[in-house]
Structure formats: C-alpha cells, structure tokens
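Here is a short tour of a structure, written for someone who likes to look at the residues themselves. Have the 3D view open as you read.

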Amino acid sequence: MKTYLKLNNDVLNRYSTTGQLELEKDREATRRYFLEYVNVRLRYFIDIEEKIRYLVDEGYYEKEFIDMYDMEFIKGLYKKAYDYHFRFPSFMSASKFYDSYAMKSRDGKEILEKYEDRIVIIALYLAQGDTELAERAVEAMMVAYQPATPTALNSGKKARGELVSCFKLSMDDSMNSIAENIGYCLELSRLGGGVGVNLTDLRPLGDPIKGIMNRASGVIPVAKLLENSFSYSNQLGQRNGSGVAYLNIFHGDIENFISSKKPNADDKIRLATLSTGVIIPSIFFELMKRDKDIVLFSPYDIFKEYGKRLSEISMTEMYYELLDNPNIRKIKRLNARKLYTEIKKAQFESGYPFEIFDDNVNEVHPLKSIGRVKMSNLCTEIFQVQHTSVITDQDEPNQYGLDVSCNLGSIDIHAASQVMDFERLIDTAMRLLTNVSLMTDIKNVPPVAKANQFMHSVGLGAMNLHGHLVTQGIMYGSKDSIDFIDCFMEAMNYYSLKSSMEIAKERGETFYRFEDSDYASGIYFDQYMDKEENELSPRLLKTLGNIPIITQKMWKILKQDVMQYGLYHSYRLAIPPTGSISYIRSCTASIAPCTERVEVRDYADSRTIYPMPHLTNENTHLYVEAYDVNPYDLIDLYAAAQKHVDQGISMTLYVTDNWTTERLAKIYIYAWMKGIKSVYYVRQRLQTLEECVACQV
Amino acid sequence: MSSLTYEAVNWNKPTSELAQVFWDQQWKQIWFPEEIAVSKDVKQWQSFEHQDTYKKVFAGLTLLDTVQTNIGMNHIAAYATDLQEKAVFTVFAAFEAIHAKSYSYIFTTLCTNTEIDELFAWVKKNEYLQYKANKIGDIYNNIEEGNSESLWKAMFASVMLESFLFYSGFFYPLYLGGQGFLRNSAEVISLILRDESIHGVAVGFFAQNIFKQFPKEKQDELKVWGYELLLDLYQNEMQYTDDVYAETGLSPEVKAYIRYNANKALMNVGFEAMFPEEEVNPIVMNGIRNEGSTYDFFSQKGSTYAKAKVAPITDETFHFNR
C-alpha cells in the first residue's frame, strides 16, 4: 500500500467524529508522493539543452517549433518558469498532473517533464517563434492562465491528439447528411473530441419517406447510431468518446427523446452513454404559464412549406403561424406542464436532459444577422452560429456550411486579482487562444475546418470564483459575490474585446461578415452606454484587487475602436465547467460553488481526497456547499456573469432528493426568466439515512 | 377452508414509526448490477495476483446474501406483526436478492464457467462460511408464531449479519477500489453497502422497539445471549479472515475493520459497543461514506441518482417572491 494514498485519505480520519480536518496530512501526502513516486521516476538530464535534444531525438517532442527559437532563449525561458518556485498545493493537484499531463516515457516508467517544463513547452509551441509571446505565455500560465486540457496536454508532443476538443455539428434531414455526420463523429471522437449533434431537423417517427406515410424511424435510432459511434471511436482506447444530441421541444419525437435517458427505459431506446439536451423556445414557457397544450411538429412539413429547417426558424415567432397553416401537420397535442414535469422526472433520475433556452440565446446573439444559434455543445457553454451543410450524392460536390470547433482556456480569478497587469493577462490569453485556432485544421470535417478558418472563435472562461470569495470572507451567493462577478466578467468582456480589436488591427483582418454583426453597428455596446456608475463598497474593491473597474467612458472609446477596426474573433468568452484543469491548479471549478468542502474523488486512478483550496479548519463556514446554496442566489450570480459573456456559461443546478419535480421546474423557470442561456446537469445529493431518521425521531 | 379474518395493509395511517421512511429510502436508491460497467475491470483483473482471495470473498458474500434473502428477511417478514413493517421487510428481501445476483454478475464478467463452478463448490465445503450460515440460519428457523423473543433474536441475528459479518468481505473490494483497482466491482459493493446500512438501521430500530417491551430480567438475559452470539461469530470470523486473506497479508487490517463494524452492529440494536476503538484503514473508511462520491459523468454511473418525487406544476410555480 502506498503511504501517500493512505496519508491523503487520513485527511478525513476524524472528520465524521470531530469535524476537524487533518490538512497537514495532505501536505505530508504530497511530500511523500514526490519522494516515493515522482522523484524516483524523474529522468535526469545534465542541462536544458540535453533534455530538449533528447526529447526531440527520441521523438517525444516535435522538432519544428523548437527550431524556431534560439537555444539561449529557450534556456532563459526555463529559468523564468523555474524562478516562480512553483509547488503543488495539494496531493490532488500533484497526482493529477503527473498521472495525466506530464510527458512520460513510452513504457510509462520514466517521468520526462515537471510542471514548469510542460508550461514552457506549451508557451514555445503556441507562440510559434514569437519570443515576446512565449515569454508572456510563461508569465501568464505560471500565474493565472490555464489552457484547456487538450491544449495543455498535447502541445509540443509528437504523438498527440488535437489541441481543441469541442465540436458542434448540424445534421440535415437526409440519409447523405446522416451518414456524413456519423463519419464526422467517428473522426472527431478519434481525435478525442466531445461532439454535439443537432437532431432537430430530422423528420420524426412515422413521417413519410418519398411521400409514403409511416416510413421514417425518427431521431432515436439515429441517436443510438451516434452513441455507438462514440463508444467505438475513442482516443487510442484511453478515454471513451462522448457526445450529446439536441432536440427542439416542439419536435414530434420529443417524448421518446426525454425518456431515452431514464435508467428503466427499454434497452432498444435507452441511451446509456450519449448525453441529451432539449432546446426550449420562450413560447413553450409562455404556453406552460397559461396551462395550455403545445403542438408538436415535423421539420419535414416545415421545410416543405417554408424552405427552412426547424432549427432555422424562431419557434416563438412562428408558432401561431404553424398552428394556422393547414399544410403543417399537428403531430401531437400535449399539456405543456405535464411534458415539463416529465423532463423534470428524467432529470431527477438521470441528470439529463440539459436545457437550452433558445430565445435567451438568440435575442442577445451579436451575430444574429449572420444566422441563428441552433444548439450547444457537450458542456452547454458554446453558442455559435451554424449553417447546415448540404451533403449531396457522391457524384456532386457537397456544399459545406459552418459548424463549430472551439478552443478554450480559463483565467484563475484569485490569481488574476493579484496580477499587476490584468489587461496584459487577458491579451496574452486571447493571443494564445488565437494561435490554437490558427494551428488547428480538422481536414476530415470540412464544415468545422471552414468555420474555424472564417470565424476564429475562441472561448475564454474563468475558474476559482468560490476559492477567491473564501479568501475575501465573502459568502457564495451573497450580494457582494454577485457584484464581484458582475465587475469581473465585465472586465473580461472589455479586455477580450479590446484584444480582439487590436489583433484585427494588426492583422488587417476581421472575422467573416463582421460588418453584419451587432459589433459593427455598435448595437452590442448599448448595454454599456448608459450604465450607471455606482459607488463600490470597500469590501468589493478589496476583492477586485488589481482587476480594473470599467467605466462608461472606457466603453465609449472601445465602441468607436471596434466599429472602426473590427474584431478578429467572432466569439470570445465562454465559461466551461473546468474539471481536471482546476484540480491541477488547485482552483474551485468554474464559477460554481464547491460541491463538497473536501471532495472524495473517484478517478480512474484512485480515490483521492481533495480539500478545497484555501480551506482551513477556521473558514469551513465560508465554504458553503453547492447543495446548501440558495438556488435562486446561484442563478442570480450566473445571470450577472452572463450579461458580459457573448457565448454561455456551463451551469449545474444542485438539489437534494427531498425536492419535488415542481420545485425543480420552478428554478428552471426562474433561470429562464433571468436570461440564463442553458442549464447543464442537475446534480442530486441523496440524503443519508442518518439525516432522514434524525429529522423524524 | 379456514375462516380467518385477513386485514389489509393501510398505508394511509401510520401503524409503525418510520416504516414509511425506510420504505421510501430503500426505493429511492434502487439500482441494478447491469448499470455498472464491470467489464471495464477485466483488463486489470487479468493480471491480478490475488484473484483467488477476491473470488472467495465474493463467493462468501453471495452465500450470506442468499441466506438473508431466502430465510432471513422472508422469515422476519412472515412473523413480524405490523403490516407496514412486514411490507418493508419484503422489500428488503427483494434487494437482498438483487445483491446475491449482482455477485454472479461480477463472476460472469470476470471468471470462466469452470472457475465459477469451483467457487460455488468451495462455498459448500468451507467450514467457517458454513458455520456462520448455520448459526444465523438456525436462529431464523426458530422463530415461533406469537413469540416475540424468538422474533427479536432473529432480528438481532439479522443485524449481526448485515452490519457485521458482511464486512470481512466488503473490506477487500473497498480497499482495492480506493486505490484505483477493480473500481467498478467496488462500485457494486458500495451500492450494496448503501442498502445494507439501511437494513441494519431499520431492523435494529424495529428490534429495539420489541426489546423495550421485555421486562428487565428478560432484557438482561437477552443481552447475555446477544453478546455470546456475537463473540461466537467473532471467533469464527477471525478464522475465516485468516483462511481467506492469508495470501494478501491484510488479515490484521481486515480484523480491525470487523471489530469496528461489530461495534456498529451492536449500536444498531441499542447495545453498548464491545471492542475498544482502533484505527481502521482510511481508504476503506472513505469507501463507506454514504453521500456518494463525487459524480464523474464521463466514467461511470455513480451512486447518486434516484427516483423523482412528482408534484404538478401549478400557477404558483410561476410566482417568485424575489
């Protein structure tokens, strides 16, 4: 038995009886881990030069990017990274890094990279010969910027997966398109991507094929095909492929789609590993409020009648038109409240489906004149315009539309509040993300490659909100916490826009059809033009630290610059859920509350005990756990952040099992009313028997 | 034809304190072994040094769960007097059957048919295993109609089985799973444990209600009987542990864990703990926390989802006092 695992587990030794954590055991576990596991496996090199030469010669690193730099510069960069004297603050962060991220020898026995080495390689690789950017990248990553897992993991490696791992595809109502998209799914899943597929435009079960009624099989069998494709195609067997299917709530197959995730569903229709998401236009909530029935439609009729796909119309605008049109079949009539209750039941039992609030997304979409956002991705934070490809017969060329690939990175909020130059940090992050998008070319999925080339979309997010609030003595969900995230995300928005404008200016290039966007017309900036400048409390100012407060005047200048020079990126911000990367950096995930003060995490490797960052036996009351946060406060906080985010935020809701479906419905309705764009998982904490008995006896 | 008067169970009026609570909690955590991808363990299993111990541990658990289904819960249900409590015991019995079957599911996934046959043959001839099955089985078989003492004894034995004797077996999968080894099989065990801990608390609680009605002298007599039974089982358990865990060098740790659980079993029936407190391997301890470990959506099912409580959406749902 490994002593460091035992020590790590000792943290909780007396917790259930005395409530005291033995945090020093975790520090001891980290120390033992280095002594017993890391140091003995670490390959020794005389100096940096020998190390790099060895790793290139042995085919671990790519040669090309190393050759772009002078060896003296590279040595200096290593020194710069090591001068930060980085130490892993928890056993979780250290073991996660060395298990999953550090370069190891092919037989897995030797460790070839330490934390600083990985950072330097990412910097050199992404900067592509730009020495100034490489230096800035090391500064940013050693302190407050973290690229998403695929970038952090794969940069510079010779045998590697892709740098991006998030994709969205739109499937059309034809066998050609279904087959083509399944091919894309196999390819993207092979590269290690998570893929979202929109099934909204497929005709439902029982629809006509070639004019003959009752022939179509509907969306569920296609979803099963996707599920099987993802489980077959995994990244060298290392990680199971994953995907999500989306369907509009007015689609004829919606009932089957909702029940497909229930654990007790029929095996023929049950989706075991494919995630599901439902797209909900505002008209649904309005009908539900008035206790009306909703009518389900077939995208087949809509396309025949209007020449538009179901995903291309606004259901909220078109609903009554469709009802009145005799050429549109009314597939089924359902009570909206009952249908929504079914969704809530499915969410209690399986955590699915995710929900996308269609109109909340599209009303504020800055590229609305270029097209609709029809769906989201696997973590419900990416919202970008898509144009469906027309996949023709083999003897004709396909007409490729726009799909989505997205590369992500996150800012550590706590560290960012202490950096000297916040603007420079955000600009560095934006430039690194830009290079990831320039270096990515998914040849085998043309609509993704095309969109990447045209749109230069990126997704900069944030993490460690809860950790930062705890250091400042602020409760998650309090007014101070909401004011803080409001200011912080506004600054993120401002500086990412500014950076994107600067890059457009330097390159003399904007994203595709910038001139049609709300940025070009200036409409996007309306929300900031008459913003009130309130006095900020001293506590808020202290919590913001070095993060600048953006004034109305600053916005006015930026608006002019953006309208004049354009933007390089069609999309800039998105807040992902941040799993592994927040563990490595010892951050709390995303802008979410922690789920447990001390997480017991079953990873593929072992059971690891992870006390939240900055947790001590004295501040446990500040680390209120997600299940104890008032869900309305949580939604208010996310809504405050969402105002400043052009894409979305991955938001999980937390409930306990004494909740009813009605209570759950209520918080979703509240989220919709507050302008939230999506709800990711519903996570449930089972009350233990002790609690049940205790409250009754 | 007899002319007994049959009474219908009326859940509209509580006749038993907590029967409803135990019923709800049990159903909320329904699960089936097929939901857990045990096949993901196959790779590790193939190069596992202590396959023999692992298989025997599971075979032993299968026997205990079989006894608990076929005799234990069914007999207790048959002789319990309260109709709601009877229903709860019947539900518990159904879960015991799922448990017993879930070990077979693991065997089917990991072992060959010949190995499986050998294991079931081993169960029949292992003296320690048969000893505890007989000891507990006899008490179950001796319940008499209208004799609350015999029913209490059966409940006491049931708690010993579920809160104490199972744990010599649970130790190993928890110990390995906590270190990242055969994690999916460990997940099955943690789901079983979650059920057993309700059964232990529930049967213990009902037993205490019966116990309270006995006169003091009877209580003293039963206490002596209870501690003697526990000691008897404990001696056997020590030998069983040495027998099964010999190869692994883990016996001392397993024994500490058994004593820890013996104390818990005693507390469930309202008796004083018997063994002094000692340190139990923290990895195993963290494996039995009931909150469900942090859910990993990408790897496996996780033990934290449950049945929904349905309530209709009304006009009120759209009103917020904020």
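Let's begin in chain A, with a contact between two helices. Phe422(A), Glu423(A), Ile426(A), Asp427(A), Met430(A) and Thr434(A) of α20(A) meet a set of residues in α23(A), namely Ala491(A), Met492(A), Tyr495(A), Ser496(A), Ser499(A), Ser500(A) and Ile503(A). Sorted by class, this contact of α20(A) with α23(A) comprises 7 nonpolar, 4 polar and 2 charged residues. Please keep in mind that you are looking at a predicted model.

How do the two helices lie against each other? Two packed helices are described by the angle between their axes and the distance between the axes. Helix α20 (residues 422-439) of chain A and α23(A) have axes that come within 9 Å and cross at roughly 55°. An angle like that makes α20(A) oblique to α23(A). The crossing of this pair is right-handed.

Helix α23 (residues 479-507) of chain A also packs with helix α29 (residues 631-642) of chain A, at an angle of about 20° and with the axes 8 Å apart. The angle is under 35 degrees, so α23(A) and α29(A) count as roughly parallel to each other. Here, too, α23(A) passes α29(A) in a right-handed crossing. On the α23(A) side you will find Ser481(A), Ile482(A), Ile485(A), Asp486(A) and Met489(A), and they meet Asp636(A), Leu637(A), Ala640(A) and Ala641(A) of α29(A). The residues of this contact divide into 6 nonpolar, 1 polar and 2 charged.

| Helix pair | Angle | Axes |
|---|---|---|
| α20(A) and α23(A) | roughly 55° | within 9 Å |
| α23(A) and α29(A) | about 20° | 8 Å apart |

Now for chain B. Its secondary structure comes to 12 helices and 0 strands. The C-alpha trace of chain B spans about 60 × 60 × 50 Å along its principal axes. A compact globule of 322 residues would have a radius of gyration near 20 Å, and the 21 Å of chain B agrees with that.

How far can you trust the model? It scores ipTM 0.88 and pTM 0.84. Chain B averages a pLDDT of 88, and 94% of its residues score at least 70. Among the elements of chain B, helix α10 (residues 216-245) has the highest mean pLDDT (96), while helix α12 (residues 282-287) has the lowest (82). One stretch calls for care: over residues 290-303 of chain B, pLDDT stays under 50. For those residues the model has 35 contacts beyond four places in sequence.

Conventions:
Residues are numbered from 1 along each chain as its sequence is written. Chains are lettered from A and ligands numbered from 1 in the order in which they are written. This is a predicted model: local features need pLDDT of at least 70, side-chain atom pairs count only at pLDDT 80 or more; totals for chains, interfaces and linings use all residues. Axes are lines fitted to C-alpha atoms, for helices over the stretch in contact, and angles run from 0 to 180 degrees between N-to-C directions. Helices (H or I, at least four residues) and strands (E, at least two) are DSSP runs, numbered from the N terminus. Angles under 35 degrees count as roughly parallel, over 145 as roughly antiparallel, 65 to 115 as roughly perpendicular and the rest as oblique. A crossing is left-handed if the near helix is turned anticlockwise from the far one by less than a right angle, and right-handed if clockwise. Two residues are in contact if their C-beta atoms, placed from the backbone, lie within 7 Å. Ala, Val, Leu, Ile, Met, Phe, Trp, Tyr, Cys and Pro count as nonpolar, Asp, Glu, Lys and Arg as charged, and the others, Gly among them, as polar. pLDDT is the predictor's confidence in each residue, from 0 to 100. The radius of gyration is taken over C-alpha atoms; the globule rule is 2.2 Å times the number of residues to the power 0.38.
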